[in-house]
Amino acid sequence: MDNLFSDRIKKTKPSFIREILKVTANPDFISFAGGLPQPALFPYDDIARAAEALFAEQDRSILQYSTTEGSPVLRQYIANRYKKQFNIDVDPSNIIITTGSQQALDLLGKVFINTGDKIVMEDPGYLGAIQAFSMYEPEIRGVPFKDNRLDLAVLENVCKGAKFFYSVPTYQNPTGFVIDDAQKQDIAAIIKNSGTYIVEDDPYGNLTFEGTHDSNYYALIPDNTILLGSFSKIVAPSLRIGWIAAPTPVIQAIAVAKQAADLHSSYLSQALLVKYLQNNDLDAHIRTISQHYKNQRDILMAALQSSETLKAIKFNTPAGGMFLWAEMPHGQSSKDFLEYAFAENVIFVPGEVFAIEADASNTLRINFSYLNEAQIREGVARLERAYKNLLKVT
């Protein structure tokens, strides 16, 4: 019966991270692999009160079909935040609500990519985007990082004839790197000259530990910028509320694609989120999350840096987000390391799964947002034992 499946689905690999998390459902495992928020930080009681207030209004339209573009109140809220955070004017009519930012990636694939079209991504890049775009069988070109900065010469070359350049410029997944304002200006000039779009995905930008990040590409090249956002990391992922903000021709095409996909994102989730946002201080909640994640990062970095065994591995110190990036000595394999980590009931993601063209075989990604202090310390101890065992055979 396999011959009935499309070539597209046969060529698309399952997400390595999703598959590996199935294995680590065992409570004896400590997982540094997922990109999961800390459940203790979910505004559970505030959302419960929002739900109670929402249903007390007796508005049965919250259970009805709704418009493809999404709640006008929610879109206006997002537009207001863009003005407040970045001092940019995004019209609510140029925003469409999506079922998480993952659907936004899929919709961009549907709208832009024909088989064989070229698209460009950071290398290493976000695995969820690689998987979503790969469904439409493009040629994906990677732009490597050099000393934590994008190689602009490569970007300028590969953007010629590309449909778009996908970027996570702030606390990038998987590396945690930040593209600073000066480099953004250079990148914006390249994108404008190439006549393509930049897709700026910003799920982590609010989770800042040090300094501020108050610029984006829209302020520089609004006609060439597609903005993606999500409430998953700053409120709750199960609401599945993300969005796309883009020039009118793109939004019109996205709306058609979304109508075919799901008619509209859950209006109940949107209404619940609106009620929560109206009754609570989102910025205060984000500050709480960010402080907690900073503490988690500091605990992890202190444990890693105090390990004599792990000192050969270079760990970066991210200034925000949820991940740190590590580089093992050349000649060592993070996939080999992972096998020994499995034996110690600890897990991470080898960098190779994020690679597009670059050799990332000696790199790995570690998440610090999900685990508590005791789990982090025990997880590092298990990594030490695993690395010792790897060194015995290399």
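1. Let's start with two helices: α5 and α9 are roughly perpendicular to each other. Their axes cross at roughly 110° and come within 9 Å, and angles from 65 to 115 degrees count as roughly perpendicular. Keep in mind as you look around that this is a predicted model.

2. Which residues bring these two helices together? On the α5 side you'll find Gln-103, Leu-107, Leu-108, Lys-110, Val-111 and Phe-112. They meet Val-250, Ala-253, Ile-254, Ala-257, Lys-258, Ala-261 and Asp-262 in α9. If you're new to this, two packed helices are described by the angle between their axes and the distance between the axes.

3. Now follow α9 (residues 248–262) over to the sheet. This helix lies across β2, β7, β8 and β9 (241–245), and runs at about 30° to β2.

4. The sheet itself is open and has 8 strands, in the order β2-β9-β8-β7-β6-β3-β4-β5, with mixed pairing. At its edges stand β2 (95–99) and β5 (149–150); each has a single partner strand, so one side of each is left without a neighbour in the sheet.

5. Take a look at one strand pair inside that order. β7 and β8 (residues 225–230) pair in the parallel sense, over 4 bridges.

6. Next, the rings. How many aromatic pairs does a search of the whole structure find? It finds 14. One of them is Phe-112 with Tyr-197, an edge-to-face pair at 5.5 Å centre to centre with 65° between the planes. It's edge-to-face because planes over 60 degrees apart count that way.

7. That pair links distant parts of the chain: Phe-112 belongs to helix α5 (residues 100–112) and Tyr-197 to strand β7 (residues 197–201), 85 residues apart. Phe-112 also has a relative accessible area of 13%, which is under the 20% cut-off, so it counts as buried.

8. The ring story goes on from there. Ring pairs join Phe-112 and Tyr-197 with Phe-133, Phe-164 and Tyr-166 in a cluster. Phe-133 is also among the buried residues of α6, together with Leu-127, Gly-128, Ala-129, Ile-130 and Ala-132. Helix α6 (residues 127–134) is mostly covered, with 6 of its 8 residues buried.

9. One last thing to find on screen: Lys-184 and Tyr-217. The charged end of Lys-184 sits over the ring of Tyr-217, 5.8 Å from the ring's centre.

Technical notes:
Residues are numbered from 1 along each chain as its sequence is written. This is a predicted model: local features need pLDDT of at least 70, side-chain atom pairs count only at pLDDT 80 or more; totals for chains, interfaces and linings use all residues. Side-chain values use heavy atoms; hydrogens and water are left out. Rings of Phe, Tyr and Trp (its six-membered ring) pair if their centres lie within 6.5 Å; planes under 30 degrees apart count as stacked, over 60 as edge-to-face and the rest as tilted. Buried means under 20% relative accessible area, exposed over 50%, partly exposed in between (1.4 Å probe, protein chains only). A charge sits over a ring if NZ of Lys or CZ of Arg is within 6 Å of the ring centre and within 35 degrees of the ring normal. Two strands pair if DSSP finds at least two bridges between them. Contact means heavy atoms within 4.5 Å. Axes are lines fitted to C-alpha atoms, for helices over the stretch in contact, and angles run from 0 to 180 degrees between N-to-C directions. Angles under 35 degrees count as roughly parallel, over 145 as roughly antiparallel, 65 to 115 as roughly perpendicular and the rest as oblique.
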